[in-house]
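Here are my notes for you, as someone new to this one. Have the model open while you read and go through the points in order.

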Amino acid sequence: MEEFSHFSHRHPLKISDTVDEEDQVVCSGCEHDLSGGSAYTCTKMNCNFILHDSCFDLPKQIKHKSHPKHTLSLRFFPPYDEGEFTCDACGNSGHAFTFHCEKCKFDLHVECASLPEIEEREDHQHPLTLCYDSSNLFLGKEEEVDHVMCCYVCNRGVGKSCWFYCCLACKCGAHLDCVSNQEIQVSEI
């Protein structure tokens, strides 16, 4: 049995070829379900550490368009006393891996860091572009800054501080969750 080491875990890991869907196992890196396929599991008997293949292969640092001034470092636990972070992309909390900027206290879930710039949807005629900031994106100078954009998929408001997908032609937007459900794959710098 070949063993592997990962900077986020003190015990050796092994490749487990099959993770059964009914086991409801959660990845220790991204906190998403592992269903089918292979994963890296801890070799120690009572340790439940497990990583998707893609989480095992994440780069230790990335440059991201949403935070161009600084490099983001992969942290295997939140760097805050509370033991959690709030993702600056989706606004949800996390308790495991984060791409983090120490200078700005900026954090991204690993899956948010890998969102595609352009998404195509069958229910919309134009491509949707990933937007990092909603302030005055579609507004003319005469319009109010307090304009609230509604998601064209679910009809709920899109928060000003969260990322979203937008159609520049139709001047509409959609929540990240309403648009995309994708595999994690982050490219190195």
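Predicted model: local features only at pLDDT ≥ 70, side-chain atom pairs only at ≥ 80, totals over all residues.

1. Start with the open sheet: 4 strands, ordered β13-β14-β15-β16, with antiparallel pairing. Because β13 (118–119) and β16 (172–175) sit at the edges with a single partner strand each, one side of each has no neighbour in the sheet. Strands here are DSSP runs of E with at least two residues, numbered from the N terminus, and two strands count as paired if DSSP finds at least two bridges between them.

2. Residues are numbered from 1 along each chain as its sequence is written, and side-chain values use heavy atoms, with hydrogens and water left out.

3. Now zoom in on β14 (residues 128–131) and β15 (residues 164–167), which pair in the antiparallel sense over 3 bridges. Across that pairing, T129 stands opposite C166 in β15.

4. Which cysteines form a disulfide? C131 and C166 do, with their sulfur atoms 2.5 Å apart. That pair ties together distant parts of the chain, C131 in strand β14 and C166 in strand β15, 35 residues apart. The structure holds 1 disulfide, a term that here means a pair of cysteine sulfur atoms within 2.5 Å. Both C131 and C166 are buried (buried is under 20% relative accessible area, exposed is over 50%, and partly exposed is in between, using a 1.4 Å probe and protein chains only).

5. C104 counts as partly exposed because its relative accessibility is 38%, and C150 gets the label partly exposed at 43%.

6. Next, the other end of the sheet. β15 and β16 pair in the antiparallel sense over 4 bridges, and C167 has C172 in β16 as its bridge partner. Their hairpin has 4 residues between the strands, and there K171 takes a positive phi near 55°. Along β16, C172 and A174 point one way while G173 and H175 point the other, yet all are buried.

7. Is H124 buried or exposed? It counts as buried, because its relative accessibility is 14%. H124 is in the loop between β13 and β14. Leaving aside neighbours within four places in sequence, H124 is in contact (heavy atoms within 4.5 Å) with Y152, C167, C170 and C172.

8. Finally, have a look at H64, in strand β7 (residues 61–64). H64 is buried, with a relative accessible area of 10%. Its side chain makes a polar contact of 2.8 Å with that of S66, and the H64 side chain also reaches the backbone oxygen of A113 at 3.2 Å. A polar contact is a pair of N or O atoms within 3.5 Å; within protein, one must be able to donate a hydrogen and the other to accept it, and residues adjacent in sequence count only if both atoms are side-chain atoms. Not counting residues up to four places away in sequence, H64 touches L72, L108, C112, A113, Y132 and W163.
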